[in-house]
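Here is a two-chain model to look over together. How do the labels we attach to it follow from its coordinates?

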Amino acid sequence: MKATDPISTMDTAQIRADTTVVKALRKLRMPQTQRNRELALLLLAFVINGSALALVQLGALGEIQWTILIYVGALAALTLVLHIVLRFTAPQADPIVVPIATVLTGLGIAMIYRIDLYRGHEGWDALSTRQIAWSAIAMALAVTVVVLLRNYRVLFRYTYLTGLAGIVLLLLPVVPGLALQDAGAAVWVSIGGIFTFQPAEIAKICLAVFFAGYLVRTRESLLSTGHRFLGMTWPRAREIGPILVFWVLSLGIIVLQRDLGTGILVFGMFVAMIYTATGRTSWVLLGVGLAAAGVAIAAQLMPYVGARIAAWWHAFDPAMIEADRGSYQLVQGIFGLAQGGLIGTGLGQGRPYLTPLSQSDYILPSLGEELGLIGVFAILCLYLIFVSRGIRIGLTGQDDFGKLLATGLSFTIALQVFIMVGGVTRLIPLTGLTTPFLAAGGSSLVANWIIVALLLRVSDAVRTSPRAVIG
Amino acid sequence: MTRELRRLWIVVLAMFLALFAATSWIQVVRADELAANSANTRALYDSYQVQRGAIIAGGTAIASSVPSDDVYSFQRVYTDPEMWAPVTGYINPMLGSATGIEQAMNSVLSGTSGSQFLQRIEQIISGQKPRGSNVVLSLDPVVQRAAYDALGDLQGAVIAIEPATGRILAMVTSPSFDTNLLAQHDSGAVNAVYDQLEADPLHPLYNRAIGGNLNPPGSTFKLVVASAALASGKYTPQSTFPNPASWQLPQSTDFVHNASGGACGAGETVTLADALRYSCNIPMAMLAVELGDRAIREEAEKYGFNADFEIPLTVTPSTYPQALDDPQTALTGFGQGDVRATPLQMALVSAGIANDGVVMNPRMIDRVLGPNLLVQESFDDTEFGRALSTEDAETMTQMMVANVSNGAAAGARIDGIAVAGKTGTAENGPTDPYTLWFTGFAPAENPQVAVAVVLENGAGHGQQGGSDRYASPIGKAVMEAVLNR
């Protein structure tokens, strides 16, 4: 019975056409589920940020002033621009990362503003004003990344170039003429003495791209060889090369730039990514061992590392509190947290300004004093969700490069939060990094919003592309 | 890669759990301990944030807290700071120190004492700002002013006490200091003031009325020796002693002289009453040896020597030394040797005699008023003990009245009032300036006030200054101020 054939062919075509129509219709009827979720969450974020600023003004000034509109409005407008751009260019991107980054940035601005109010800083002298300006720049760059980087896999092509860029950026602060002299750690670059920047923040993104690309390329060779020992497959000497290179690089950062935090961050990110790429626990053990050895060496060779560790271990020793390079800041931060207790003093009603660097390094104790343990938990949960979303994007990623990139970037955030919050709570010795999104500082804000943009791009690709067979 | 990512996420989770634990540990588990840490300025600022209660004398606040713009929220302000300095003391968060009533009554003034627990709860529930309670002093601004003006620039102290109650009416010391300068919140300025006061050789920070470098009481101590003689039952005012112009101390090559340089009056012998009236040293030294150091010490301790007083300021104990030999005992007969006394102690001697022989515990505080001005705590009159029988007290009074009306303390006479008194001129060393004393009470028949005046450095006249010339008029002025109230 041949008669049925044309009919069946026609049916298939018909069905195919119907499916297309249905798909188009569905797209029309349920447009942009992800973006609508994001919008709802963003509105919630604006309410949180607006309330925080209102409480700050009520607590510190006793009244609500019109300036609050600038603070709330500016951040909301900026975020909405990003949101609208996403609707057009990356509609399937993850809906949660932007609201979380917005809340954190807003809370940071609220606390920075609160301390500015106490110190009587206004206009361009106020760190909060600058923080808003930097937020604008950061979000503009995030929009640029989302718009220009239609396909993040392009980055894979420039693996080694970005790696080089990362290393150059890391070395910039020690270049004569660019280095900012008065800061403790040599992590600042000053252009003409006006524009200062911490290139390490951007460098960590470049290095994440480089690690992802490099590991995708070398994964096979890293995996295919090795010695069995202690029930684990250990890499051959030749494959140990790369980890040693980055170990030396991190040590270089610690020694040359006196920046323990960035050194640990870069190395930690590399170990996490190499483990994700190879699945070999031996890399982690090797990495942890090298890191421990590195810190031990640095503690011996570099007085500032030893001082940091001593200030951590003997923090409450009165002599240590008094000492130069002692534990005064650390202990003040802890007293602030303790003062906050479970529910906090209320925004604008504590004394976070007693802690030095309360707007930058010690922004979390500042928030903890006024928002209490509840507030700290909420902030930590936001970070945890942000990082979990990033790792989830890695899990669902289509290609190894995207997986590794998303993982590396989100793990950086997690590690940075751990190093900073652990540092100010005396869980680990304090090292100078920034608390992502919260702390006053443009470089960090720009870098973290670019990370947001990259995660958005990777997650959009995950949902738009057809499901890959090979995983 | 899925397995690795899940494991990595578990590592991230573990890191965050550690952070949850660390923040909980600080903010909840160890929060109280951290708040009590002496390096924790936040807890300190919190206590300064409480509006401290006022110190009140005669219905007006002499120390109060007014709102300030700095981190301490309130600024302590003192009225007539130099006059009240020995009473109020000062409190300063910058120096982290407090003295005087500010220190002794700190928990009440800052509202943190145990008896104010319900008050604090009420304040929390009603949403009121926490406030401290007010301390009402027994001191009378009029008497205090009279004592302060009478003492003037002389180096010394004056204290006035109500014999029947032990209430202190005036406490003045000189040189004094400006408590407001020590209460300021500019750390550089306040430290400069403090360092300067500490370095001052005249020690303006000493409260000479109840402490400082104690002086020998000199002849005012003869009141204690005479009391011991009467209390022994072996002596009356008419008991007689030999009357030489000089007397060699037993077992010693040293001689005792009277202040006049000659004998005590014209007679072969001299009575106890005359010895006291003319303030002669030789008969009192003989009497002391006859009584023995033990009897004198016991009597002295009944008046409060060798005892601790918290009024509530801590009083430096006046001392009558232990285990003396005869020459040493002889010297104590006219308040030399190692006898040392505060003006408060000598005022207690007069007050005990005035109060029919009963010594009342001295105190500076009448009441504690809550922030709502209701009485929270009242202080009662308490007896320290009986130093003399009523009869002996009456005898002592008569001898002291004679001392003023017709004796060595004539400078304290008040027209129409029977004043009881005793002067003292104590030696501090062969060439050192004398310490000049007066103690007494008035009116003799119905005593309302007992005073003691000490003038150090010979009132600026070395060994030429006479106690009746400089100290008695000050005592008189203070007693008049009380009687004219």
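The questions below concern a predicted model.

Q: What makes A:Thr162 a buried residue of α7(A)?
A: A residue is called buried if 20 or more other C-beta atoms lie within 10 Å of its own. A:Thr162 is listed as buried, along with A:Gly166, A:Leu169 and A:Leu170, so each of these meets that cut-off.

Q: Why are the buried residues of α7(A) said to line one face of the helix?
A: Looking down the axis of α7(A), they fall within an arc of 100°, and therefore they line one face. Residues three or four places apart point the same way, because an α-helix has 3.6 residues a turn. The partners that these buried residues pack against are α6, α8 and α9 of chain A.

Q: What makes β7(B) and β8(B) a pair?
A: Pairing needs at least two bridges; β7(B) and β8(B) share 6 in the antiparallel sense, so they qualify. B:Ile161 stands opposite B:Ile168 in β8(B).

Q: Why are β8 and β19 of chain B called edge strands?
A: In the open sheet β8-β7-β21-β20-β19 of chain B, β8 and β19 each pair on one side only.

Definitions and conventions. Residues numbered from 1 in each chain as written. Chains lettered and ligands numbered in written order. Predicted model: local features only at pLDDT ≥ 70, side-chain atom pairs only at ≥ 80, totals over all residues. Buried ≥ 20, exposed ≤ 12 C-beta atoms within 10 Å, placed from the backbone. Helix = DSSP H or I, 4+ residues; strand = E, 2+ residues; numbered from the N terminus. Arc of directions from axis to C-beta. Contact = placed C-beta atoms within 7 Å.
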